[in-house]
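Here are my notes on this one, as numbered points. Have the structure open while you read.

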Amino acid sequence: MVGGNYELVAMGNPLLDMQARNAEATLKKYDLKANDAILIEQKPGTEAIYDDITKEYDIHYLAGGAAQNSARCAQYVLPPKSTAYLGSVGEDDLAKQLRAANEKEGLHSAYQVNKTTPTGCCAVLITGEHRSLVTRLGAAEKFTPDHLSTSEVEKLTQNAKFFYVGGFFLTHGLESTLILAKRALERQTPFSINLSAPFIPQFFKDQLDQVLPYTTLVIGNESEAEAYAASHGLDGKDLVGVAKHIAQFESKTNKPRTVIITQGAEETLVLQSDKVDNVKRYPVQKVSSDKIVDTNGAGDAFAGGVLGALILGKSIDEAVEVGHKLGVMCIGQSGPSLKFPKENV
Ligand code: 26A
C-alpha cells in the first residue's frame, strides 16, 4: 500500500520564483541566455536583477525550487501524505508562501529554518517558449547536515521508499546528499538525482561523481547530458553514449541504474545498466505553441511524474508516459504548476 508514510523523501533548494513575462530587455541588459539556469554569483553585476524586475514587470510569485516542484508533482499522482521535502528556508514571508503552496498540494515541508538568512528566490525570465533562471540561494545554501539527524527527518528517512535529490543541491550540499545516499544504500532504497542544469555536470563534476555510485535513477535533459559529456571526455553529440556512461558509472548498489534523458519536444531516451544496448525511445506529445503558457518547471513535472509512477509500482514505460503527461500539463500552466482540480493521468 502506497500513501500515508511519506514514501518519497526529496531534498533540494526551496526557492520562491519571481516570474516575469516578455523579459527580452532584461535578458539583454544582463547578457543572459534565453534558456539557462545560473547562480547569481556566476554572473557578477547581476545582483540588482530582483529589484529591477520587481519595478519593471508585473511579477508572478510562485513556489519554485526544482526538486520541490518535482516532489509536488509526484504528490499529484500519489495518495495523500506520500511525499516530504527537505530544504532550508528563512524565517520570512517567502517561506510562508512556500509552505502554503506545498500544503495546498499535499507535500509535507520538513524545512530547516535559518533565522538570519532570507529564503532563496529565482528570477524566471520568460521569452516565448524559453525561460532563463537566475537564482539567489539565500537560506537554501545554509542547509546543514544536522537537520538530517532531527527526529522528524530520521523517521522520514527510515520510512522512505524512494529518495530524490536535485543536482542543484550539489553546489553546496554534498555532505548532506551523501548522508542521505548512504541511508538509502543501507536500506536498499532507490536513490535518484536530477542533473538539473548544464553547470552542474560542468562545474560540480567531482561532487556529482561522488554521488552517482549511490544512484539507481538519474534524470537529465539533452543540454545537461552534453555538459556531462564535456566534463567526462565524451562526445556530446552521442546522447546514447552519454546515457551509457552514466548508466555504467561505478555503482555501490546491487540494483541496475536507469538513466532518463529528455529532449524537450523530442523523444525521451531511457537506458538501463543491465541492458545498455537496448536504448528505449519514447515520443513526446506535440503541443501547439498557442497552448504553451511557459516551459518553466516542465522538466521538474516530468521528473515528478516518473517518481510518482515508479513509487506506485508502475513500469518504466508507464512512468515515462506519466512524466510526459505532467510535463505537457505544466507547460499549459503558468510556472511550475499543474491543473487543479486534479486530472487523471
Ligand atoms: C542552485 N540553483 C541554481 C537552483 C535553481 C532552481 N532550483 C534549485 N536550485 N535554479 C532554478 N531553480 C528552479 O528551477 C525551477 C524550474 O525548473 C526554479 O525555482 C524553478 O522553479
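**Notes on the model**

1. Let me start with helix H4, where Leu94, Ala95, Leu98, Ala101 and Asn102 are the buried residues. They sit on the same side of H4 because they cover an arc of only 125° around the axis. That arc is taken from the directions between the helix axis and the C-beta atoms. "Buried" here stands for 20 or more other C-beta atoms within 10 Å of a residue's own, "exposed" for 12 or fewer, and "partly exposed" for anything in between, with C-beta atoms placed from the backbone. An α-helix has 3.6 residues a turn, so residues three or four places apart point the same way.

2. Before going on, a word on the source: this is a predicted model, where local features need pLDDT of at least 70, side-chain atom pairs count only at pLDDT 80 or more, and totals for chains, interfaces and linings use all residues. Numbering runs from 1 along each chain as its sequence is written.

3. What does the other face of H4 carry? Turned away from the buried side are the exposed residues Asp93, Lys96, Ala100, Glu103 and Lys104. H4 itself covers residues 93–104, and its 12 residues reach 16 Å from first C-alpha to last, close to the 16 Å expected at 1.5 Å a residue (that is, 1.5 Å times one less than the number of residues). Helices (H or I, at least four residues) and strands (E, at least two) are DSSP runs numbered from the N terminus. After H4 comes Gly106, with a positive phi near 85°.

4. Which elements do the buried residues of H4 pack against? The partners are strands E2 (15–20), E4 (60–64), E5 (83–90), E6 (108–114) and E7 (120–127), plus helix H3 (66–77). Contact means C-beta atoms, placed from the backbone, within 7 Å of each other.

5. Now the ligand: 22 residues surround it, and the closest are Asn13, Gly64, Cys122, Thr135 and Phe168. A residue counts as near if its C-beta atom, placed from the backbone, lies within 6 Å. E2, E3 (36–39), H3, E8 (130–136) and H11 each give at least two residues to this shell. By type, the shell has 9 nonpolar, 11 polar and 2 charged residues. Nonpolar covers Ala, Val, Leu, Ile, Met, Phe, Trp, Tyr, Cys and Pro, charged covers Asp, Glu, Lys and Arg, and the others, Gly among them, are polar.

6. UniProt, in an unreviewed entry, lists Asp300 as "active site". UniProt positions follow the numbering used here, feature names are shortened, and annotations may be inferred rather than shown by experiment. Asp300 lies in helix H11 (residues 298–311). Is Asp300 buried or exposed? Buried, because 28 other C-beta atoms lie within 10 Å. Leaving out residues up to four places away in sequence, Asp300 touches Ala66, Asn69, Ser70, Cys73 and Pro336.

7. Some backbone spots to check. Most residues other than glycine have a negative phi, and most peptide bonds are trans. Asn22, though, has a positive phi near 50°; Asn22 sits in the loop between E2 and helix H1 (24–29) and is exposed, with 11 other C-beta atoms within 10 Å. Gln188 also has a positive phi, of about 55°, and is found in the loop between helix H6 (174–186) and strand E10 (191–194). The peptide bond from Phe340 to Pro341 is cis, with omega near -5°, and Pro341 is in the segment after helix H12 (316–331).

Note on methods
Contact = placed C-beta atoms within 7 Å.
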